[in-house]
Structures are given as structure tokens and as C-alpha cells.
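Let's walk through this structure together, one question at a time. Have the sequence and the 3D view ready.

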Amino acid sequence: MATSLHLEAANLPEDAIEVARIADAWGVKGWFKVVPHSADPEALFSAKRWFLQPSERGAKAFSGTVLLNIRQAKDHSDTVVAWAEGVDDRDAAEALRGARVFVPRSSFPSTGTDEYYWVDLIGLQVVNREGVALGQVRELMSTGPQTVLVLAYEQDGKAQERMIPFVSAFVDKVELAEKRITVDWQPDY
């Protein structure tokens, strides 16, 4: 049976950030399950336009970048489910399986004081109070109660990794404009 997937081709916005992937169809009316890359998927709920790219592996129901106008996205038990224009039945929803979901950074909700999106911290240089460079944020890891900065640095020509809890006890200041995080941490910790 031919699927009724009608998606509009689009250009990926320059500030697009991958925030999730589509897991599978959910129900029979075109809803689909979404697996967010973040524990706090606010950007998925606030953005009414999602940009999709096909998964790197597996069958592709579309190519390039397509625009999905979201009718509704909501929490459902331990997952997120969404419904979009042009995806009106289970077959159409299944055709999206594995697709990567991007939203423009400009459509993320604004953050409160001392709140940061993970994506904004990646690539920042981390220095301690004495000005010693400790590395560059490569990724963030959630360890349950807290988030940990994973830093990449070189020592004696070898790539190394350092982890610093992203909590106020250790993080003095995050300066996004300067691309710098200042921490109370020593290189030999």
C-alpha cells in the first residue's frame, strides 16, 4: 500500500540543532514517538516547525531536508509523541522512522538565570580560577542527579578526558559570549 507522506522540501536553518529522532508510529492516526536527545526536551514542545533529515542507516522515505509543521507534541508516559500536518495515518508515521529532528536554536525557549542549553556549552573552553586551561567541553553527561562536563584536552601529545560536575559548587561562571566557563577545579583532581 502506498504511503501518503506529503512533506515539503526545506533548507536546514543555519542555527539548526539536532534535538531528537523519530522512533516509530504511535496509534493509527499519524502520531509518532520521538526520542529526545535531552532530558528536558523544551525545544521540541516550543518549536512548531521541525526540520527532518533521513536516518544515516536503513530505508529512506525521503531525502534531503524536509519541513514538518507540528500540530501537537506532548509528553506521554516516558516518551514524547507528536502529530504533524501531512502525516495522517500509521503508514505515513512509520515512513518517518529513524528520521533526525532538528529545530532552529532561535526557536528554543529563553533560559532563566543560570540555565543553559547543553548545546550552548559544547565547545566552550574551561579554565580554573587561576586561569589554567583545563580543556574544551566535548559533551555533557547526565548522571541522574547532576550533569557532568566532559572535557577534552591534550597532555604530552595524547588526547585526554576530564570530567567536572556542572554544579554551582565547582562552576563559578559561564560566559557564552566569551566561549568560556570558569571553574573551581585543579588540573590534578
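**Burial, cores and charges**

Q: What is the relative accessible area of R105, which counts as partly exposed?
A: This is a predicted model, in which local features need pLDDT of at least 70 and side-chain atom pairs pLDDT 80 or more, while totals for chains, interfaces and linings use all residues. Residues are numbered from 1 along each chain as its sequence is written, and side-chain values use heavy atoms, without hydrogens or water. Buried stands for under 20% relative accessible area, exposed for over 50%, and partly exposed for the range in between (1.4 Å probe, protein chains only). R105 falls in that middle class because its value is 23%.

Q: With which residue does R105 form a salt bridge?
A: A salt bridge needs a side-chain nitrogen of Lys or Arg within 4 Å of a carboxyl oxygen of Asp or Glu. For R105 the closest N and O atoms are 2.5 Å apart, and the partner is D120. R105 sits in the loop between β7 and α3 (118–121), so the bridge ties together parts 15 residues apart in sequence, the helix α3 side being held by D120.

Q: How many salt bridges are there by this rule?
A: Among them is a network that links R129, D172 and D184. The count comes to ten.

Q: In which strand does R71, the salt-bridge partner of D88, lie?
A: The N to O distance between the side chains of D88 and R71 is 3.0 Å. These two are 17 residues apart, with D88 in the loop between β6 and α2 and R71 in strand β5.

Q: How many strands does the protein have?
A: Helices (H or I, at least four residues) and strands (E, at least two) are DSSP runs, numbered from the N terminus. Three helices are found, and the strands number 13.

Q: Which element gives the most to the largest nonpolar core?
A: A nonpolar core joins buried Ala, Val, Leu, Ile, Met, Phe, Trp, Tyr and Cys residues through side-chain atoms within 4.5 Å. The largest one has 30 residues, and F32, W50, L52 and L68 have the most contacts inside it. Among the elements that each supply at least two residues are β3 (32–36), β5 (66–76) and α2 (90–95). With five residues, the element that gives the most is β2.

Q: What share of the 189 residues is buried?
A: In soluble globular proteins, nonpolar side chains tend to be buried together. Across the protein, buried residues make up 39%.

Q: Is E56 buried or exposed?
A: E56 is placed in the loop between β4 and β5. Its C-alpha atom is 18 Å from that of K33, 23 residues away along the chain. With a relative accessibility of 56%, E56 counts as exposed.
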